[in-house]
Amino acid sequence: MSRPGWTEVAAGRPPGSGARSLAYVSPEGDLALWNDHEEHRTLLVRRPELSAEERAVLGNWRAGRSGPAVVSVGEQVHGYGVFTFPYGPVAMGVAEAGGFEVRTYGERILEIEPSVGHKRRGIEEQVVGKTVEDAALWIERRAGPFALSHAAAFRFAAESAAGRPVAERELGVRALGQELQRIYNHLHVLARLAEAASQNVGAAQLNALAESALRALGATFGHRWGFGALVPGAPGRRLDAPDRTDLEARLRRLGSEFEALGETLLGSRTFLDRIQSTGTVSTEDALRWGAVGPTLRASSVAWDDRLRDPTIPYREMFVPVVTERAGDALARVLVRREEVRGSLLLIEQLLDRWPRLGGGEAAPVEAIEPGRGIARGEGPSGDLVYDVRVSEGRIRSVASRTPSQANWPLVALSLRGAVFTDFAFSFESFGASFAETDG
Amino acid sequence: MVKSWLGQAAAIGILTTEFPRRPADPEELPAAARAPGAGPVALASLPPEVRAACPTGAISLTEIDQGKCVRCARCLPAGLVPAPDASANLGSRAGLRWPDGRPPGGTGPAPLAELGPSLHVFLVDVGSCQGCNLEVMGLANPYYDLHRLGMFFTNSPRHADVLVVVGVPTAAMVEPLRRTFEAMPAPKAVLAVGACAIDGGIFAEAPGRAAAVGEIVPVDLYVAGCPPAPVAILEGILALGRRRSRGPAP
Ligand code: SF4
Ligand code: SF4
């Protein structure tokens, strides 16, 4: 198999002892991906052998597949006075059907285990037998705020499986949609954190900016969450020259308001006090538990799947990869702030070259085996993997590993020993979603 | 610090919508958030492929079921046209079935004066994609500012007048939903928001779907869409407020 940014190595365990993290294991166990952080490449291993630690990682990714279960990062804490209380699955602080098992003896959180699986709809089972276009309707509704990264990775995987080329213009649409959605998500996370810190004016302004990002998506794709946006020639799309000028104007406005707001927010001592040294994730834990996205990058690891994206828009544009060292909620905030700027810059480049985006077709990436494609993509909360089998135009199987699944163990670790009032600052800074986890 | 926040707020100016004093505009209600209805072509004469392509079976020869529709827009190029109005997304379960693809009766935007005392809203998610949750919570942002209408989100069902339900109920969420409803003091009303909460939407046949929301708690009003736009949800809450100020629902 030859594919840019990917290296297939011999069966068993990937060679060497450098920094790497597990990125995906297929449900059949016949194939695994590791991120090689030294060579910045994806390692593909057939018939992989997992260490005990890696099996624990995999167990957490798969938690909740047959009803509610907890994500666990070690032995449970027991002892005199220690009690467990469940938070959720109906709680405004979570705002989703999901929860936490909290072990405590009072003020401090001894241990916290995310409780996932409440929202399991069984999407990947349900799409078997459907056409790729039909299945995309289900896949994008797994998690609304991340719809476009899922739809794009799913489509890339299915195209690779079927050996079907993609119109170059569609690649531009996918990149544009994903960057807009990244901006929305980062703004939303920042707004939630400002709310948690009772920075009411700032939170209101960030929420207003998040709404203007949704409106930009709505104006561009006819849908505020981008459902259906990636259907080739979708009727709701508005991407002609005047529409692009309008989008540029919206984003310029958003960008300048965001700059002023970012300065004020990060100049606020009360806000910084709450997020600095809160929810710290070490580089070691981040790699060991397979963290992805802003969570990983805020803990010093420069992995961004857009760099390895083989498709034209990302390959030909400057993708700024942002890292921070401290690994705390503040570091994740700083990464997200830079990434809003980065996405605005990417969209600017993309719209600039839009008229030159060829009317040609791009070959799909090489299939993993006949009829089976694997694609990766960088969603707002981190990289995701889709593994899709297609034959005779129908889906035969779909499996995935989502950013939220990968990051729950770090949410859990970041809250060990924290006081209850830190909960929101840590939890919100990861941008983890129960909907995306459960599928 | 406070000065600079307020300075920025002043520079940005007023964002808040005039809705519901005036109808929603395309900014607030993009095409895919509106109800598809019959255009020049009668339902019965639509090409059969249009019905076959509908992922939820919302289009029959005689009606469009807005409750099932996920607003995927596949049927639009074939002659169906999006309704102009946010209130086209509201109705009882039966009221969302549009004979011949036309709304059965108008529920126009509400005059503010009719709204009852302040309303407290509690959101419960029973298996959503988060799209509906975020559109509901978005009502608090300065563009919609539901506080100006005397409505507030509350953190506890014990303080809630209106229960907003989103998502397709999974087995794990049936009991939590029932208990949340029971914890609310009377009088109370339930608003089911989004295709998932109405009739399962895209997940009507999903292996994880356990029931319809209406089988678990009594639903007063449905807001169609996938997700419905915030203005449509706002209409829904306003409509419940009006009903409450007049006494129990008929
Ligand atoms: S927009 Fe609604 S009615 Fe039309 S095809 Fe999609 S689900 Fe069916
Ligand atoms: S109705 Fe649509 S937007 Fe709402 S939860 Fe269901 S899939 Fe998501």
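**Entry 1**

I looked up Arg389(A) and found it partly exposed, with a relative accessible area of 21%. On the scale I use, buried means under 20% relative accessible area, exposed means over 50%, and partly exposed lies in between (1.4 Å probe, protein chains only). The model is a predicted one, in which local features need pLDDT of at least 70 and side-chain atom pairs count only at pLDDT 80 or more, while totals for chains, interfaces and linings use all residues; side-chain values use heavy atoms, with hydrogens and water left out. Residues are numbered from 1 along each chain as its sequence is written, and chains are lettered from A and ligands numbered from 1 in the order in which they are written.

Which residue forms a salt bridge with Arg389(A)? I found Glu28(A), with the closest N and O atoms 3.2 Å apart. Glu28(A) sits in the loop between S2 and S3 of chain A and Arg389(A) in strand S12 of chain A, so this pair ties together parts that are 361 residues apart in sequence. I counted a salt bridge where a side-chain nitrogen of Lys or Arg is within 4 Å of a carboxyl oxygen of Asp or Glu. Helices (H or I, at least four residues) and strands (E, at least two) are DSSP runs, numbered from the N terminus. Glu28(A) is also partly exposed, at 47% relative accessibility.

**Entry 1: other salt bridges in chain A**

I searched the whole structure and got 49 salt bridges over all chains. One of them joins Arg288(A) and Glu53(A), the closest N and O atoms being 3.7 Å apart. Arg288(A) is in helix H9 of chain A and Glu53(A) in helix H1 of chain A, so the pair ties together parts that are 235 residues apart in sequence. Arg288(A) is partly exposed at 39%, and Glu53(A) is partly exposed at 43%.

I then looked at Glu111(A) and Arg416(A), whose side chains meet in a salt bridge at 3.7 Å, N to O. This pair links distant parts of the chain, with Glu111(A) in strand S8 (residues 109-116) and Arg416(A) in the loop between H13 and helix H14 (423-430), 305 residues apart. Is Glu111(A) buried or exposed? Glu111(A) is buried, with a relative accessible area of 2%, whereas Arg416(A) is partly exposed at 37%.

I went back to helix H1 (residues 52-61) of chain A and listed its buried residues: Glu54(A), Val57(A), Leu58(A), Asn60(A) and Trp61(A). Seen down the axis of H1(A), these fall within an arc of 160°, so they line one face of the helix. The arc is that of the directions from the helix axis to the C-beta atoms. On the other side of H1(A), Ala52(A) and Arg55(A) are exposed. The buried residues of H1(A) pack against strand S2 (20-25), strand S3 (31-36), helix H9 (283-288), S13 and helix H13 (403-414) of chain A; contact here means heavy atoms within 4.5 Å.

Helix H3 (residues 132-139) of chain A has 6 of its 8 residues buried, so it is largely enclosed by the rest of the structure. I listed Val132(A), Ala135(A), Ala136(A), Leu137(A), Trp138(A) and Ile139(A) as the buried ones. What covers them includes helix H2 (123-126), helix H4 (147-162), strand S12 (382-391) and strand S13 (394-401) of chain A.

**Entry 2: Ser414(A)**

I found Ser414(A) in helix H13 of chain A, buried at 7% relative accessible area. Its side chain reaches the backbone oxygen of Val411(A) at 2.8 Å and makes a polar contact with the side chain of Ser426(A) at 2.7 Å. A polar contact is a pair of N or O atoms within 3.5 Å; within protein, one must be able to donate a hydrogen and the other to accept it, and residues adjacent in sequence count only if both atoms are side-chain atoms. Leaving aside neighbours within four places in sequence, Ser414(A) is in contact with Gly279(A), Thr280(A), Val281(A), Ser426(A) and Phe430(A).

**Entry 3: chain B against chain A**

I counted 54 residues of chain B in contact with 53 residues of chain A. Across this interface the rule finds 4 salt bridges, among them Arg224(A) with Glu135(B), the closest N and O atoms being 2.7 Å apart.
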